[in-house]
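Please look at the packing in the model below.

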Amino acid sequence: MELINPLIDEFFREGNLLSDLIDNYTYRPNQVELADVIYKAFLDQEFLIAEAGTGVGKTYAYLIPTVLWALNEGEKVVISTKTKALQQQLVEKDIPNILRLLGTPLKVVEAKGRENYLCWNKYMKILAGRRAMTPEEAKFVEQILTWAEQTKIGDKKELGLKAELIKHWWIVAADRKSCAKENCRYHDKCFRLKMIRSLDKAEIIIVNHALLLSDIVVDNSILPEYKYLIIDEAHYIDREAFS
Ligand code: SF4
């Protein structure tokens with residue numbers, strides 16, 4: 001099969017790049033074909049709807065052409081996943097693996113809903129004793145003290161607390177209703193705003209379907225302008241839209 005971008009073959013051919021990454025890697029023609037038609041859709045500026053059966057390896061089939069396109073063309077690509085778990089896997093494992101094989105950096109940013117980020121305003125109110133707390137909530141705050149001082153991203157995913165503690169996260173989580181916006185005294189260090197600012201420089205942005213749809217609802221005020229979008233498990237997006 002003649003491929004649009006020979007580098008795709010470099011990844012997928014048996015004994016080549018992906019073999020170094022995946023134990024017992026086997027060449028799957030359907031996977032290569034999918035990667036190739038995705039790259040072609042980028043090139044021809046076309047919409048593509050693709051269905052891949054179980055075992056095709058669709059994640060690498062869309063990530064590899066996406067990374068190659070972002071690197072070669074310097075264009076921003078947004079990838080939307082159904083779950084936060086897959087979002088995290090792409091950011092922390094799959095894309096770094098591909099970049100390691102290519103030996104080149106790329107700015108990849110994960111964007112999530114505001115409820116995932118610590119709100120300084122709420123947190124400082126608690127530390128100043130201006131919010132009454134139950135003993136369980138006080139225990140939760142005690143557990144996040146060191147993290148809150150050290151975290152660079154303020155994302156609750158870093159915490160790894162047990163369910164009985166993390167259920168109190170909402171007391172420090174950013175939320176639309178209580179956000180003081182431009183009047184917030186912590187505006188410059190707000191984790192959510194920092195995340196939004198970092199999206200401008202990103203070459204690949206990883207979102208989940210919920211955030212992708214929220215962005216559309218709020219007149220694209222979260223994501224910067226983008227021309228290229230990959231929606232993983234797109235058959236779930238209508239459910240997310242109506243949930
Ligand atoms: S800008 Fe809003 S979310 Fe950010 S720290 Fe201030 S109140 Fe919290």
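The buried residues of H10 pack against strand E1, strand E3, strand E4 and helix H11. Contact means heavy atoms within 4.5 Å. This is a predicted model: local features need pLDDT of at least 70, side-chain atom pairs count only at pLDDT 80 or more, and totals for chains, interfaces and linings use all residues. Residues are numbered from 1 along each chain as its sequence is written, and side-chain values use heavy atoms, with hydrogens and water left out.

Helices (H or I, at least four residues) and strands (E, at least two) are DSSP runs, numbered from the N terminus.

| Element | Residues |
|---|---|
| strand E1 | 77–81 |
| strand E3 | 204–208 |
| strand E4 | 228–231 |
| helix H11 | 237–242 |

Which residues of H10 are buried? They are His209, Leu211, Leu212 and Asp215. Buried means under 20% relative accessible area, exposed over 50%, and partly exposed in between (1.4 Å probe, protein chains only). Just after H10, aspartate 219 has a positive phi of about 55°.

Now the helix pair. H4 (residues 58–73) packs on H5 (residues 84–102) at an angle of about 60°, with axes 11 Å apart. Axes are lines fitted to C-alpha atoms, for helices over the stretch in contact, and angles run from 0 to 180 degrees between N-to-C directions.

Last, the loop residue. Glutamate 115 lies in the loop between strand E2 (108–110) and helix H6 (120–127). Glutamate 115 is partly exposed, at 40% relative accessible area. Leaving aside residues up to four places away in sequence, glutamate 115 touches Lys84, Trp169, Ala173 and Ala174.
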